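Colleague: I have this model open for the first time. Can you walk me through it?

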Amino acid sequence: MDSRKLPLFYNDSWKNACRHQQRQDLRVVLLLAALLVTMLTIMDWLRAPNLPTDFADRPLYTIDGMAVTLAELSAKKPLLIYVWSSTCGVCEYASRNVQRLRASGGNVLTVSLNSGDDIRIIRLMRGRHLTQPIVNDPQGEMVAEWGLNVMPTLIVVSKGQAVLSTSGWTSDTGMRLRMWWANKWYR
């Protein structure tokens with residue numbers, strides 16, 4: 001059969017045009033993905049906490065009375081510090097992802113900001129079926145000293161050094177990638 005008599009969609013020039021369009025579409029998608037990653041990285045850099053130099057060595061007290069330091073908790077594997085508030089709507093979704101990370105063996109410490117007394121926080125955590133260790137910051141003094149102003153905030157600490165941070169909602173995959181990155185490059 002003569003190719004000139006075939007319908008247009010059988011024509012080689014049409015196939016080449018489709019391939020060319022697919023390559024252009026792929027380039028656009030990759031460019032948009034690169035721009036998104038760049039924008040999010042810049043936002044994380046701008047929102048990064050301004051932690052005191054001795055933040056990892058200061059004793060913190062969990063609501064169950066345990067004294068811990070971030071240096072101790074992050075000595076063997078990276079620690080995810082999850083700072084949240086009971087008045088933060090996004091924190092409820094992020095808390096589920098943090099709980100999944102903890103349930104799969106992730107090293108997690110949560111800091112509650114302006115969320116009430118210890119009993120209120122325990123009730124809140126039980127009601128949401130969350131089991132992370134919690135440091136209560138009822139007046140927001142520690143969080144203010146750390147320079148945090150967006151909730152939720154996630155800080156990854158490795159060997160007593162803050163190595164990564166992000167603010168706002170983060171997916172389960174995003175948390176796991178950050179922990180993997182810290183374990184791979186900051187151990």
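Colleague: What does R176 form a salt bridge with?
Modeller: With D172, where the closest N and O atoms are 3.1 Å apart. A salt bridge here is a side-chain nitrogen of Lys or Arg within 4 Å of a carboxyl oxygen of Asp or Glu. The model is predicted, so local features need pLDDT of at least 70 and side-chain atom pairs count only at pLDDT 80 or more, while totals for chains, interfaces and linings use all residues; side-chain values use heavy atoms, without hydrogens and water. Residues are numbered from 1 along each chain as its sequence is written.

Colleague: Where do R176 and D172 lie?
Modeller: Both are in helix α6, which covers residues 172-185. They are four residues apart, about one turn of the helix. Helices (H or I, at least four residues) and strands (E, at least two) are DSSP runs, numbered from the N terminus.

Colleague: Is D172 buried or exposed?
Modeller: D172 counts as buried, because its relative accessibility is 18%. R176 has 31% relative accessible area, so it is partly exposed. The cut-offs are under 20% for buried and over 50% for exposed, with partly exposed in between (1.4 Å probe, protein chains only).

Colleague: Which residues do salt bridges that share partners join into one network?
Modeller: D54, R58 and E145. Within it, E145 pairs with R58, with 2.2 Å between the closest N and O atoms. E145 lies in helix α5 (residues 141-145) and R58 in the loop between α1 and β1 (60-61), so this pair ties together parts that are 87 residues apart in sequence.

Colleague: And how are those two placed for accessibility?
Modeller: E145 is partly exposed, because its relative accessibility is 39%. R58 has a relative accessible area of 27%, so it is partly exposed.

Colleague: How many salt bridges does the rule count?
Modeller: Five. Among them is E92 with R96, whose closest N and O atoms are 3.5 Å apart. E92 and R96 are both in helix α3 (residues 89-103), four residues apart, about one turn of the helix. E92 is partly exposed, since its relative accessible area is 33%, and R96 is partly exposed at 40%.

Colleague: New topic, pockets. Which residues lie nearest the centre of the largest pocket?
Modeller: D44, L164, S165, T166 and R178, out of 23 residues that line it. A pocket is found on a 1 Å grid over the protein atoms alone: an open set of points where a 1.4 Å probe fits, with protein on both sides within 12 Å along at least five of seven lines; lining residues have an atom within 4 Å of a point.

Colleague: Which elements supply that lining?
Modeller: α1 (12-47), β7 (161-167) and α6 each give at least two residues to the lining.

Colleague: What is in the lining of the second largest pocket?
Modeller: The residues that line the second largest pocket include T62, I63, D64, M66, I122, M125 and R126. Helix α4 (residues 118-127) contributes the most to that lining, with three residues.

Colleague: And on the surface, what about W185 in α6?
Modeller: W185 counts as exposed, because its relative accessibility is 52%. So helix α6 holds W185 as well as the R176 and D172 pair.
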